[in-house]
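Reader: I have a new structure open and would like to go through it. Can we take it topic by topic?

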Amino acid sequence: MFFHITLERNMQLHPRHFGPHLRDKLVAKLMKDVEGTCSGRHGFVVAITGVEDIGKGLIREGTGFVTFPVKYQAVVFRPFKGEILEAVVTMVNKMGFFAEAGPVQIFVSNHLIPDDMEFQSGDMPNYTTSDGSVKIQKDSEVRLKIIGTRVDATEIFCIGTIKDDFLGVINDPGVTA
Amino acid sequence: MSGEEEENAAELKIGDEFLKAKCLMNCEVARILDHKYDQLQQMSADPTNQISQVFEKSMQYVKRFSNYKNTDAVRQAREVLSRYKLAEFELCVLGNLCPDTVEEAIAIVPSIKSKGRKLEDDAIEKMLHDLSLIKKFE
């Protein structure tokens, strides 16, 4: 789920950047350092939307660097266990399939795919129902429920299920008869 | 890290910080990211080398899964959903997934029927109906 939250960070700046454009340089450095990163607590930082406040700079003992406490707003993506969302299938194999929802990757094991769907190998590996009416393959859109999250150093990885009610392939009413 | 105090979105157990935070529907995020992309384009000749993969993937995702394309519809959707006693998180899940029936709505956001804050079926029915009207007349 996407959130718009306020975050804080201490930014260190070398004195060579001091001058009339100090604030701009600080904001640029903030964007470079933080955008695209991921933490277990806040999820993926997708984009910084604004800087709320830059506090007084404190010169560090021993070096000439100055630390500024910066408060900023950002759009973050944080998946939650139990959350239901839509994703795009990226890879299908006999263990299950991988899907992506924004920056996060979700794996759905074949144990959590309805029993009436069987794996078909081939050029376009897929899971299909016995009557062929529902198919999951690369680029299919599915609605799944996240049942677990794991936080790495640089990303969050999720496992999901499509076995519950109202989960599975999303049928575009404009496409199917 | 994860798993502290049993996180569970189905029961709205997502931590205080996120319960009180502003939640965004995919269509709202699409507008913000579009705006940001335009800003980057204005600032440098080649914006693509400044965008992180996270930004790129998120932008593609929200554009693909946006239910409402124009600004007015997005605003109306949020307005309709805000009339009911929903938590921000619940509001956005409903706005993103646009369930067709009351049964589906309860299945995807079970917390609307819990914690003594029970949303009546009639109210849910009306809310879904109003949402579908916005889409129809977009």
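Reader: What volume does the second largest cavity have?

Author: The second largest cavity has a volume of about 70 Å³. A cavity here is a set of points, on a 1 Å grid over the protein atoms alone, where a 1.4 Å probe fits but cannot get out. Grid points are joined across faces, edges and corners, and the volume is the space filled by probe spheres set on the points. This is a predicted model, where local features need pLDDT of at least 70 and side-chain atom pairs count only at pLDDT 80 or more, while totals for chains, interfaces and linings use all residues. Residues are numbered from 1 along each chain as its sequence is written, chains are lettered from A and ligands numbered from 1 in the order in which they are written, and side-chain values use heavy atoms, with hydrogens and water left out.

Reader: Which residues are closest to the centre of that second largest cavity?

Author: B:Ala9, B:Phe89, B:Val93, B:Ile108 and B:Val109, out of the 13 residues that line the second largest cavity. A lining residue has an atom within 4 Å of a point. Helix 5 of chain B gives the most to this lining, with three residues. Helices (H or I, at least four residues) and strands (E, at least two) are DSSP runs, numbered from the N terminus.

Reader: And what is the lining of the second largest cavity by class?

Author: Nine nonpolar, two polar and two charged residues. Ala, Val, Leu, Ile, Met, Phe, Trp, Tyr, Cys and Pro count as nonpolar, Asp, Glu, Lys and Arg as charged, and the others, Gly among them, as polar.

Reader: How many cavities of 30 Å³ or more are there in the whole structure?

Author: Three. The largest cavity has a volume of about 90 Å³. Residues of both chains line the largest cavity, among them A:Phe2, A:Phe77, B:Tyr61 and B:Val93. Strand 6 (84-93) of chain A and helix 5 (88-97) of chain B each give two or more residues to that lining.

Reader: Now the interface. How many residues of chain B are in contact with chain A?

Author: 36 residues of chain B are in contact with 39 residues of chain A, where contact means heavy atoms within 4.5 Å. The area buried between the two chains is about 3500 Å², and carbon and sulfur atoms give 64% of it. Buried area is the accessible area (1.4 Å probe) that two parts lose on being put together, summed over both. B:Glu7, B:Phe18 and B:Tyr61 supply 18% of the area that chain B buries against chain A, more than any other three residues.

Reader: How many salt bridges are there between the chains?

Author: Eight. A salt bridge is a side-chain nitrogen of Lys or Arg within 4 Å of a carboxyl oxygen of Asp or Glu. One of them joins B:Arg64 and A:Asp139, at 3.4 Å from N to O.

Reader: Different topic. In what order do the strands of the open sheet in chain A come?

Author: The order is 9-10-11, with antiparallel pairing. Two strands pair if DSSP finds at least two bridges between them.

Reader: Why do strands 9 and 11 of chain A each have one side without a neighbour?

Author: Strand 9 (117-120) and strand 11 (135-136) stand at the edges, each with a single partner strand, so one side of each has no neighbour in the sheet. Four bridges join strand 9 to strand 10 (residues 126-129), and A:Phe119 stands opposite A:Tyr127 of strand 10.

Terms used. 1 Å grid on protein atoms, 1.4 Å probe; cavity = no way out; pocket = protein on both sides within 12 Å on 5 of 7 lines; lining within 4 Å.
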